[in-house]
Amino acid sequence: MRVSRLLLGAIFVLVPAAASAALIVLGDGDARQCYLAAEYKSAPRASIALCTRAIEEGALNSQDRSATLVNRGIVRMWAADNRGAIADFDTALAERPGLPEARVNKAVALVRLNTDLAAAVVLLTQALDDKVQRPEIAYYARGLANETLGDVKAAYHDYRAAAALKPGWAEPAEQLARFTVTHGTGG
């Protein structure tokens, strides 16, 4: 099977800023409000301050602290502060190294910055292996990274996986529409 792309436009515009891959924090304090801001794309600037207050002043257990760092990182991506988001994801990963949502979101930020895409692919693969909550996001972002790195066949398979996991999601379908798959014995 040979996979080729029809055109490779500005695909990074389509990368979701975490696409609601927030981590749930229970309760009714600032950390919970930070989660809701990340999940529902609420006023990013005010939400960053809310999340920061929850991290700095809240009496959070380690799980809620890591989740709030991830959620603030997501809010920072909504505010186009991808570097700040990466710093939050790195801190969350330092505190809880096996946190797949922190890996996915860090990789999405790297893809949005179009930097260190090989590392993004590794992070996304690890997150998928660790059963991330929203695997369609990981597959889609990995597809974008793989395509930019020149691995068109892997990108095609990742877009297909994302589309299969979330059939109504337009972005993977749009990416797949650019590909042509041919079967043959030639090399």
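In this predicted model, Arg-96 is located in the loop that joins α4 to α5 (100-113). Its relative accessibility is 29%, so Arg-96 counts as partly exposed. Beyond its neighbours within four places in sequence, Arg-96 contacts Ser-62, Gln-63 and Ser-66. Ser-62 lies 34 residues from Arg-96 along the chain, and the C-alpha atoms of the two residues are 8.4 Å apart.

Ser-66 also takes part in the contact between two helices, α3 and α4. Two packed helices are described by the angle between their axes and by the distance between those axes. For helix α3 (residues 62-78) and helix α4 (residues 82-95), the axes come within 8 Å and cross at roughly 165 degrees. Angles over 145 degrees count as roughly antiparallel, and α3 and α4 are therefore roughly antiparallel to each other. The crossing of α3 past α4 is left-handed. On the α3 side, the contact is formed by Arg-65, Ser-66, Leu-69, Val-70, Arg-72, Gly-73, Ile-74, Arg-76 and Met-77. The α4 side contributes Asn-82, Gly-84, Ala-85, Asp-88, Phe-89, Thr-91, Ala-92 and Glu-95. By class, the residues of this contact comprise seven nonpolar, five polar and five charged.

Helix α3 is also among the elements that cover the buried residues of α1, as is α2 (44-57). Within helix α1 (residues 30-40), the buried positions are Ala-31, Cys-34, Tyr-35, Ala-37, Ala-38 and Glu-39. After α1 comes Lys-41, which has a positive phi, near 55 degrees.

Asp-158 belongs to helix α8 (residues 152-165), and Asn-146 to helix α7 (residues 135-149). The side chains of Asp-158 and Asn-146 make a polar contact of 2.9 Å. Buried means under 20% relative accessible area; Asp-158, at 4% relative accessibility, therefore counts as buried. Asn-146 likewise counts as buried, because its relative accessibility is 9%.

With neighbours within four places in sequence set aside, the contacts of Asp-158 are Tyr-139, Tyr-140, Arg-142, Gly-143 and Asn-146. Under the same exclusion, Asn-146 is in contact with Val-121, Asp-151, Ala-154, Ala-155 and Asp-158.

Methods:
Residues are numbered from 1 along each chain as its sequence is written. This is a predicted model: local features need pLDDT of at least 70, side-chain atom pairs count only at pLDDT 80 or more; totals for chains, interfaces and linings use all residues. Side-chain values use heavy atoms; hydrogens and water are left out. Helices (H or I, at least four residues) and strands (E, at least two) are DSSP runs, numbered from the N terminus. Buried means under 20% relative accessible area, exposed over 50%, partly exposed in between (1.4 Å probe, protein chains only). A polar contact is a pair of N or O atoms within 3.5 Å; within protein, one must be able to donate a hydrogen and the other to accept it, and residues adjacent in sequence count only if both atoms are side-chain atoms. Contact means heavy atoms within 4.5 Å. Axes are lines fitted to C-alpha atoms, for helices over the stretch in contact, and angles run from 0 to 180 degrees between N-to-C directions. Angles under 35 degrees count as roughly parallel, over 145 as roughly antiparallel, 65 to 115 as roughly perpendicular and the rest as oblique. A crossing is left-handed if the near helix is turned anticlockwise from the far one by less than a right angle, and right-handed if clockwise. Ala, Val, Leu, Ile, Met, Phe, Trp, Tyr, Cys and Pro count as nonpolar, Asp, Glu, Lys and Arg as charged, and the others, Gly among them, as polar.
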